[in-house]
Amino acid sequence: MSDSSDELPEAAVRRLDSGGFSSGLTVPDFAACLDLGLQPVGLVQGFCVMRWGWYGAGSGYMRGMNPYSYGSQPTGAYAETYRCPHGYVSAEHRMWGQNLEQTWVEEAWSDGYGSAYTRMLDEAKEAGAHGVIGVVDRVTNLADTGTTEFHFLGTAIKVEDGPPPAGGVPWTTYLAGQRLTKSIEAGFMPVAVVASMASVRVWAYCMTEYLMEGSRGWGGPTSPYEVEQVSKAHMAVRQLARKHVREQLSGDTLHGARVEVVKRELAQGDEVIDCTLRGNRMRRFKDFDVVPPPRPTVRLS
Amino acid sequence: MSGTAAIDARAEMLNGARSLATAASPSKARGVTSDLSIDEALLLHAAGWEPVDLVCGVAVVSVPVGVWTWGQGQISSASEAHNAAVKGASDQLKGECMKVHGHGVVGVRVEVEVRTHHIDVELIGTAVRPIDGGDHPASPFVSDLSARDFTLLKGAGWLPVGLAFGACFTYAPRRSAGDAMKQKTQNIELTNFTEAMYTARESAMERMQRSALDVGGQGVIGVKVTEGPMSFARHAVGFTAWGTAVRLVADAHQFVQPDVILPLDDVVVAFDAQSLRGE
């Protein structure tokens with residue numbers, strides 16, 4: 001399926017042209033939406049199912065062939081090498097290890113996420129919407145290994161007497177109801193939902209293997225010891241996710257960020273760490289007016 | 001939103017929509033990122049503070065081999081590993097906060113995972129600073145209080161100074177074979193476990209309080225505890241405690257005199273589009 005709105009499913013076009021509206025808003029959110037001068041025009045969705053690549057000789061999932069190269073890493077991607085302090089011990093001894101940013105995984109995730117998002121926007125554009133509020137996105141692994149589904153859902157709206165957004169691309173936000181109203185009152189206009197994913201693969205070297213697997217090995221410490229390679233990989237994956245999101249902000253603000261980290265432990269201290277960061281990109285359209293200091297209250301109910 | 005004048009939300013919405021009607025010029029300015037809700041951001045502004053950046057700290061510290069096997073007394077290596085992991089993550093968090101010129105970190109989410117061979121600690125929160133700049137502190141504070149609690153605490157004349165942490169792991173001593181046989185048909189207290197829990201609890205609480213004093217705090221608020229046998233070694237029990245160390249910065253505690261209210265409305269249903277999926 002392409003990103004073009006010409007290829008919206010026929011049923012979706014019929015539904016959006018029917019004249020009635022559908023929405024995912026609760027009653028209070030619907031009321032708040034009308035108070036803001038927003039008219040719901042339809043529940044819009046976007047899907048995309050992606051399959052990751054493969055492990056094996058020549059795959060981008062493999063580490064570099066030696067401690068001095070980083071395999072298929074593009075310039076600027078995160079990579080670090082750790083070298084064994086023992087010298088040659090045996091053929092099984094892990095004489096070097098690497099932390100590698102898996103840019104191909106990040107790109108595949110961005111493609112899937114971006115395609116589902118664009119398809120939701122296509123439906124919104126078809127309905128003549130100015131924005132999409134109350135966006136819910138979900139990324140789930142399907143039964144087949146290495147297959148992931150991206151799903152977007154939201155309520156397309158029109159701003160009464162409002163101009164269309166620049167380029168005809170509707171703005172989007174995870175917010176709806178009172179939270180959206182408060183943001184607008186505070187001078188923050190939603191621009192888009194933004195998300196990024198960073199993935200770092202840890203290829204453990206001997207010391208990391210000993211520490212993570214609990215084997216004494218050669219010169220393994222007998223007191224608590226920071227596992228530097230893994231700690232750095234964890235920090236790097238979070239920093240990369242923030243960097244990727246920051247690249248989408250163009251000086252705007254990210255509100256309500258949510259960070260999710262998933263790690264998959266493999267054998268011998270190896271692991272894959274994925275970090276996803278989502279939030280609302282907001283633009284200030286007026287100077288901030290400080291709210292009066294809140295009055296503390298105690299509820300009797 | 002000046003004073004208490006009513007805001008015309010519809011007019012503001014139109015202004016907002018107009019601001020997006022023309023394409024923004026590309027900017028290389030560093031945007032603010034935060035995991036605060038809009039309510040928290042507004043409250044923080046009302047208190048004269050603003051969010052700066054999302055910051056995090058992670059440390060993974062190994063637990064020496066064999067420490068979880070049967071033994072007696074405290075498992076000091078595991079406790080040390082835990083404290084080292086917390087300190088490492090906290091130092092990383094402070095480092096990131098200082099890099100973005102924050103004065104402290106609020107709403108810190110604490111995640112601790114105790115595994116057989118390593119202890120992982122992750123801290124993530126939003127760096128904040130006073131809107132008017134102010135003197136940069138020598139060391140930023142770290143607090144797991146929400147922005148709302150931070151505002152309330154500040155209004156009462158107190159400030160958070162750091163995260164106080166304490167952990168202790170200890171062995172539950174073996175019962176003798178005779179005791180085990182005798183107790184098999186009895187309803188009886190397992191004093192070995194009770195005593196182990198007491199030992200772990202007192203040591204962890206003491207360490208937490210000491211860490212609060214070390215960062216210049218007068219006390220700890222919002223203490224959370226986890227306790228129980230380790231999933232991978234049922235004969236060992238662990239107790240961890242953490243909270244925010246606070247210090248009085250005003251001359252005296254400012255009494256917050258709340259208004260008593262009796263709401264007449266029904267419970268507000270918060271927006272929850274997940275319900276569309278039947279979850």
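Chain B of this predicted model contains 6 helices and 8 strands. In sequence order, these elements of chain B are arranged as α-α-β-α-β-β-β-α-β-α-α-β-β-β. The chain is 279 residues in length, and 42% of the residues of chain B count as buried.

The overall dimensions of chain B come next. Along the principal axes, its C-alpha atoms occupy a box of roughly 80 × 45 × 45 Å. The radius of gyration of chain B is 24 Å, whereas a compact globule of 279 residues would have one near 19 Å. Contacts in chain B can also be sorted by separation in sequence: of those between residues at least 6 apart, 76% join residues at least 24 apart.

Chain A can be read through its domains. The domain assignment places residues 5-51 and 111-185 of chain A in domain 1, and residues 79-101 and 196-284 in domain 2. The centres of domain 1 of chain A and domain 2 of chain A, taken over C-alpha atoms, are 35 Å apart.

One sheet of chain A is described here strand by strand. It is an open sheet of 4 strands with mixed pairing, and the strand order is β1-β5-β4-β6. Its edges are formed by β1 (38-51) and β6 (171-172) of chain A, each of which pairs on one side only. In general, the strands of a sheet pair through backbone hydrogen bonds, in either a parallel or an antiparallel manner. Strands β1 and β5 (residues 147-159) of chain A run antiparallel and are joined by 13 bridges. As one point along this part of the sheet, A:Phe47 has A:His151 in β5(A) as its bridge partner.

Two helices of chain A accompany this sheet. Helix α2 (residues 27-35) of chain A lies across β1, β4 (131-141) and β5 of chain A, and runs at about 120° to β1(A). Helix α3 (residues 103-126) of chain A packs on the sheet and touches β1, β4 and β5 of chain A. The direction of helix α3 of chain A makes about 150° with that of β1(A).

Further along chain A, the loop between β9 (253-265) and β10 (271-284) holds A:Leu266. Is A:Leu266 buried or exposed? A:Leu266 has 12 other C-beta atoms within 10 Å, and therefore counts as exposed, since the cut-off for exposed is 12 or fewer. A:Leu249 lies 17 residues from A:Leu266 along the chain, and the C-alpha atoms of these two residues are separated by 35 Å.

Technical notes. Residues numbered from 1 in each chain as written. Chains lettered and ligands numbered in written order. Predicted model: local features only at pLDDT ≥ 70, side-chain atom pairs only at ≥ 80, totals over all residues. Pairing = 2+ DSSP bridges. Contact = placed C-beta atoms within 7 Å. Axes fitted to C-alpha atoms, helices over the stretch in contact; angles between N-to-C directions. Buried ≥ 20, exposed ≤ 12 C-beta atoms within 10 Å, placed from the backbone. Rg over C-alpha atoms; globule rule 2.2 N^0.38 Å. Domains from an automatic or database assignment.
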